[in-house]
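Here's a quick walk through a few spots worth a look in this model. Have the structure open as you read.

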Amino acid sequence: MARRPIALVTAAVLFLEAPGIVAINAVMARFVKVQTMSLDGMDPDAMYLGTWVLGIVSGVALALCGLVALVAGIRDRRPGRAGRGLLIGCAVVHGVLGAVTVGLIGWGAFAFMMLVLGLIVLTLVAYGKEKEEYEKGAEPREEAPAPA
């Protein structure tokens, strides 16, 4: 199965996306700062700082997701529970942002978001339950009682 290359490609895409999201937030923060924008009287400096914090936190989260996929690809084993949760959260965010970007930015951005979403989901599915878990003596499930 080609699960190792899939995980490595997913890691590479997430590592490339992390500085991109930080750069986008840096541009937005600069616009807020230069034009002293505010929403309903909010302090422009707070909005400037908040945009930077959001960008950095998003970049770190994407880098962590990339690290989880990279470790899974190198070890050729599925991620742990926390790693799977991180990848699932990243997939959900990409799905929601993909739906938003189609209206705001266009179909190209939507296609990119769906590509990343597909890679993350494919990585999660490719590293499903390990073969050993099936062979270790997993007891068969009890049959449901017959209907009356």
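## Salt bridges

Let's start with Arg3, which is buried at a relative accessible area of 18%. This is a predicted model, and in it Arg3 forms a salt bridge with Asp76, with the closest N and O atoms 3.2 Å apart. The two sit in distant parts of the chain, 73 residues apart: Arg3 belongs to helix H1, while Asp76 is in the loop between helix H2 (44-75) and H3. Asp76 itself is partly exposed, at 26% relative accessible area.

How many salt bridges does the count come to? It comes to two. The other pair to look at is Asp45 with Lys33, whose closest N and O atoms are 3.1 Å apart.

## Asn25 in helix H1

Is Asn25 buried or exposed? With a relative accessible area of 4%, Asn25 counts as buried. It's found in helix H1, and a polar atom of its side chain lies 2.9 Å from the backbone oxygen of Ile21. Leaving aside residues up to four places away in sequence, Asn25 touches Thr51, Leu54 and Gly55.

## Helix H4

Helix H4 runs over residues 107-126, 20 residues in total. From first C-alpha to last, H4 reaches 28 Å, close to the 28 Å expected at 1.5 Å a residue.

Buried residues in H4 include Met113, Val116, Leu117 and Ile120. Among the elements covering the buried residues of H4 are helix H1 (3-35) and helix H3 (81-104).

Notes. Residues are numbered from 1 along each chain as its sequence is written. This is a predicted model: local features need pLDDT of at least 70, side-chain atom pairs count only at pLDDT 80 or more; totals for chains, interfaces and linings use all residues. Side-chain values use heavy atoms; hydrogens and water are left out. Helices (H or I, at least four residues) and strands (E, at least two) are DSSP runs, numbered from the N terminus. The expected span of a helix is 1.5 Å times one less than its number of residues. Buried means under 20% relative accessible area, exposed over 50%, partly exposed in between (1.4 Å probe, protein chains only). Contact means heavy atoms within 4.5 Å. A polar contact is a pair of N or O atoms within 3.5 Å; within protein, one must be able to donate a hydrogen and the other to accept it, and residues adjacent in sequence count only if both atoms are side-chain atoms. A salt bridge is a side-chain nitrogen of Lys or Arg within 4 Å of a carboxyl oxygen of Asp or Glu.
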